[in-house]
Amino acid sequence: MSDVKKVATRASYGAALVELGKEYDNLLVLDADLAAATQTAVFKKEFPDRHIDCGIAEANMMGVAAGLSTMGFVPFCSSFAMFAAGRAYEQVRNSIGYPHLNVKIGATHAGISVGEDGATHQCNEDIALMRAIPGMTIINPADDVEARAAVRAAYMMQGPVYLRFGRLAVPVINDRPDYHFEVGKGEILRDGSDCTIIATGLEVAESITACDILAANGISAQLVNIHTIKPIDRKIIVEAAKKTGRIFTAEEHSVIGGLGSAVAEVLCEEFPVKMSRIGVEDTFGESGPALELLHKYCLDGEGIAKRIMSELGR
Amino acid sequence: MDKLELQKKALQVRKGIIEGVHSAKCGHPGGSLSAADLFTYLYFEEMNIDPKHPDDPERDRFVLSKGHTAPGLYSALANRGYFPVEELKTLRHVGSNLQGHPCLGHTPGVDMSSGSLGQGISAAVGMALGAKRKGSSLRVYTLLGDGEIEEGQVWEAAMFAGFRKLSNLVVIVDNNGLQIDGPIDEVNSPYPIDKKFEAFNFNVINVADGNDFDQLRDAFAKAREEKERPTAIIMKTLKGKGVSYMEGSVGWHGKAPNDAEYEIAMNELNEEEKRLCQM
């Protein structure tokens with residue numbers, strides 16, 4: 001897909017905030033000294049008075065957002081996933097999640113595709129952490145189109161939302177007139193009969209590549225895009241299991257606690273079939289160019305296809 | 001309300017604390033009692049609030065950052081008329097509106113969930129910032145423990161509030177000198193507290209006796225005069241104040257009186273009430 005337009009979803013986040021900011025006065029953007037990286041700088045430029053830089057103090061930023069939300073504002077807290085979900089986990093849980101406040105968390109630089117900064121900044125655990133917080137909605141968009149729609153949907157709904165964005169420019173795959181985004185609804189992107197790949201985030205585009213490789217090798221793989229990890233679309237998962245009988249999940253996150261776990265929970269409870277979780281194994285990442293890391297950790301289209309062929313004995 | 005009336009109210013608040021903690025068979029009486037006069041002053045004198053309209057957007061806000069002293073806040077709210085005083089006995093019981101730590105949406109009059117130390121002040125800062133942005137004249141109050149300020153988040157919040165000149169914010173530190181593991185200056189001393197808040201660009205007011213309503217009145221009046229900076233009121237108090245065997249005792253930080261101890265405490269508070277009524 002080298003000729004395809006690529007956009008980092010963090011850039012989509014900034015652009016969507018500007019669009020929404022024009023429509024809604026009560027939207028505020030908070031940052032923790034990373035506006036240039038989280039791409040909220042474009043919002044700051046457009047609405048300098050509505051961009052609040054909290055400095056390098058993520059715990060306080062979450063609390064300030066909680067307080068602002070009780071006053072009728074809709075704050076979007078922006079930072080890297082490592083600091084938003086990791087460092088400030090307990091603030092998100094107790095000051096935002098427990099009182100179920102209308103705070104949105106825009107977490108950029110998620111996963112190992114952060115690249116050269118290495119393991120300290122590659123958050124592969126954020127979905128696991130956020131998933132355990134009661135009432136937290138988690139959206140992990142696949143591309144620019146979906147990311148923009150997700151930011152809007154997050155604003156429109158009441159309650160806390162964790163939005164997961166990446167640093168790496170990824171192919172735009174949803175740019176079509178009939179694209180429709182609905183929180184909690186998955187979507188079948190490719191039809192197939194031998195197995196189903198349930199993917200999220202940048203792994204959706206990689207899974208499209210994987211489907212092509214599999215097709216060339218005589219395997220008909222269905223592809224489901226799950227952008228909302230919580231609440232998860234149980235129906236589409238169960239139907240995929242019933243139809244194809246074999247499930248693979250693909251995510252740029254630890255295989256522990258993320259999409260793979262969420263899908264396993266649904267399948268075990270409702271329609272057990274054999275499944276495999278493709279993601280970052282129980283290990284820390286490392287430095288390197290993002291695409292090389294995705295390849296090394298078998299998270300590119302080729303790696304996904306190889307894993308599936310191997311597991312299917314083909 | 002004059003000093004004598006406030007003292008009488010504070011006794012009711014103290015009795016409510018003992019009722020609640022005794023009924024729960026657990027909870028935090030020591031720090032609730034040290035701050036009982038502060039709770040009373042805020043809800044009966046200082047704050048612009050109306051128990052009949054607990055959701056009025058223009059009301060003053062209070063965040064109990066030292067959330068474990070919820071029995072004191074609940075008793076002040078009940079005595080102020082937010083809910084029946086009788087309900088205090090449901091503290092910490094299953095299904096009660098009175099959770100072990102304050103919970104937004106559960107209890108009329110509670111403005112923020114709190115209890116994980118260091119977090120409440122940030123929410124209060126956010127409220128003060130929100131009020132300023134809206135051009136509202138409402139004021140935001142938050143109460144911290146002197147042990148609580150060992151949490152780093154407190155200073156993140158203080159830096160932000162000082163830098164943003166949140167003059168509608170009043171941070172009160174209940175300096176009763178004791179935390180769970182012992183005297184604060186033996187565990188991890190936060191002293192000098194006033195100098196720290198000064199360094200974070202606060203208007204600092206020291207109160208020699210935070211259990212004295214004259215001194216509280218002076219301090220909050222001074223806080224209202226400040227138009228540039230947030231205010232920190234550092235008030236020396238006596239942990240367990242009002243119940244003889246709890247006063248100055250670390251052991252009563254987080255322990256409920258048994259039936260016999262409950263009787264002694266209530267007798268002491270009733271005697272004090274009789275004395276005040278004869279004045």
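A crossing of two helices is right-handed if the near helix is turned clockwise from the far one by less than a right angle, and left-handed if anticlockwise. In this predicted model, the crossing of helix 3 and helix 4 of chain B is right-handed.

**Helices 3 and 4 of chain B**

Two packed helices are described by the angle between their axes and the distance between the axes. For helix 3 (residues 36–46) and helix 4 (residues 70–80) of chain B, the axes come within 9 Å and cross at roughly 35 degrees. On the helix 3 side the contact is made by Ala36(B), Phe39(B), Thr40(B), Tyr43(B) and Phe44(B); on the helix 4 side, by Gly72(B), Leu73(B), Ala76(B), Leu77(B) and Arg80(B). Sorted by class, this contact has 7 nonpolar, 2 polar and 1 charged residues. An α-helix has 3.6 residues a turn, so residues three or four places apart point the same way.

Helix 4 of chain B is mostly covered, with 11 of its 11 residues buried. Among these buried residues are Pro71(B), Tyr74(B), Ser75(B), Asn79(B) and Arg80(B). Their packing partners are helix 1 (3–24), helix 2 (29–34), helix 3 and strand 1 (61–64) of chain B. Gly81(B) follows helix 4 of chain B and has a positive phi, near 105 degrees.

**Contact between the chains**

Across the interface, 21 residues of chain B are in contact with 19 residues of chain A. On the chain B side, the elements that give two or more residues are helix 5 and helix 6 (152–163). Helix 5 of chain B gives the most, with 10 residues. The chain B side divides by class into 10 nonpolar, 8 polar and 3 charged residues.

**The nonpolar core**

The largest nonpolar core has 181 residues, and those with the most contacts inside it are Leu163(A) and Val125(B). Helix 5 (residues 120–134) of chain B gives the most to this core, with 8 residues. The core lies between domain 1 (6–171) and domain 2 (187–312) of chain A, because both of these domains give residues to it.

Which residues are in contact with Val125(B), leaving aside its neighbours within four places in sequence? In chain A they are Val64(A) and Gly67(A); in chain B they are Ala157(B), Phe160(B), Ala161(B), Leu166(B) and Leu169(B).

**Domains of chain A**

The domain assignment of chain A gives domain 1 (6–171) and domain 2 (187–312). Taken over C-alpha atoms, the centres of the two domains are separated by 25 Å. In the contact between them, 28 residues of domain 1 meet 29 residues of domain 2. On the domain 1 side, helix 7 (126–131), strand 6 (137–139), helix 8 (144–156) and strand 8 (169–171) of chain A each supply at least two residues. That side has 13 nonpolar, 9 polar and 6 charged residues.

**Cys77(A)**

Cys77(A) is placed in strand 4 (residues 74–80) of chain A. Is Cys77(A) buried or exposed? It is buried, because 30 other C-beta atoms lie within 10 Å, where 20 or more are required. Not counting residues up to four places away in sequence, Cys77(A) touches Leu30(A), Met61(A), Met62(A), Ala65(A), Ala84(A), Val103(A), Ile105(A) and Gly106(A). Between Cys77(A) and Val64(A) there are 9.6 Å in space, C-alpha to C-alpha, and the two are 13 residues apart in sequence.

**Backbone features**

| Peptide bond | Omega | Location of the proline |
|---|---|---|
| Lys230(A) to Pro231(A) | about -5 degrees | loop between strand 12 (228–230) and helix 10 (234–244) of chain A |
| Tyr191(B) to Pro192(B) | near -5 degrees | loop between helix 7 (184–187) and helix 8 (193–199) of chain B |

Positive phi values also occur in residues other than glycine. Asp33(A) has a phi near 65 degrees and is found in the loop between strand 2 (27–31) and helix 2 (35–38) of chain A. With 15 C-beta neighbours inside 10 Å, Asp33(A) counts as partly exposed. His109(A) has a positive phi of about 55 degrees and is found in the loop between strand 5 (104–108) and helix 7 of chain A. With 27 C-beta neighbours inside 10 Å, His109(A) counts as buried.

Technical notes: Residues are numbered from 1 along each chain as its sequence is written. Chains are lettered from A and ligands numbered from 1 in the order in which they are written. This is a predicted model: local features need pLDDT of at least 70, side-chain atom pairs count only at pLDDT 80 or more; totals for chains, interfaces and linings use all residues. Axes are lines fitted to C-alpha atoms, for helices over the stretch in contact, and angles run from 0 to 180 degrees between N-to-C directions. Helices (H or I, at least four residues) and strands (E, at least two) are DSSP runs, numbered from the N terminus. Two residues are in contact if their C-beta atoms, placed from the backbone, lie within 7 Å. Ala, Val, Leu, Ile, Met, Phe, Trp, Tyr, Cys and Pro count as nonpolar, Asp, Glu, Lys and Arg as charged, and the others, Gly among them, as polar. A nonpolar core is a set of buried Ala, Val, Leu, Ile, Met, Phe, Trp, Tyr and Cys residues joined through C-beta atoms within 7 Å. A residue is buried if 20 or more other C-beta atoms lie within 10 Å of its own, exposed if 12 or fewer, and partly exposed in between; C-beta atoms are placed from the backbone. Domain bounds come from an automatic or database domain assignment.
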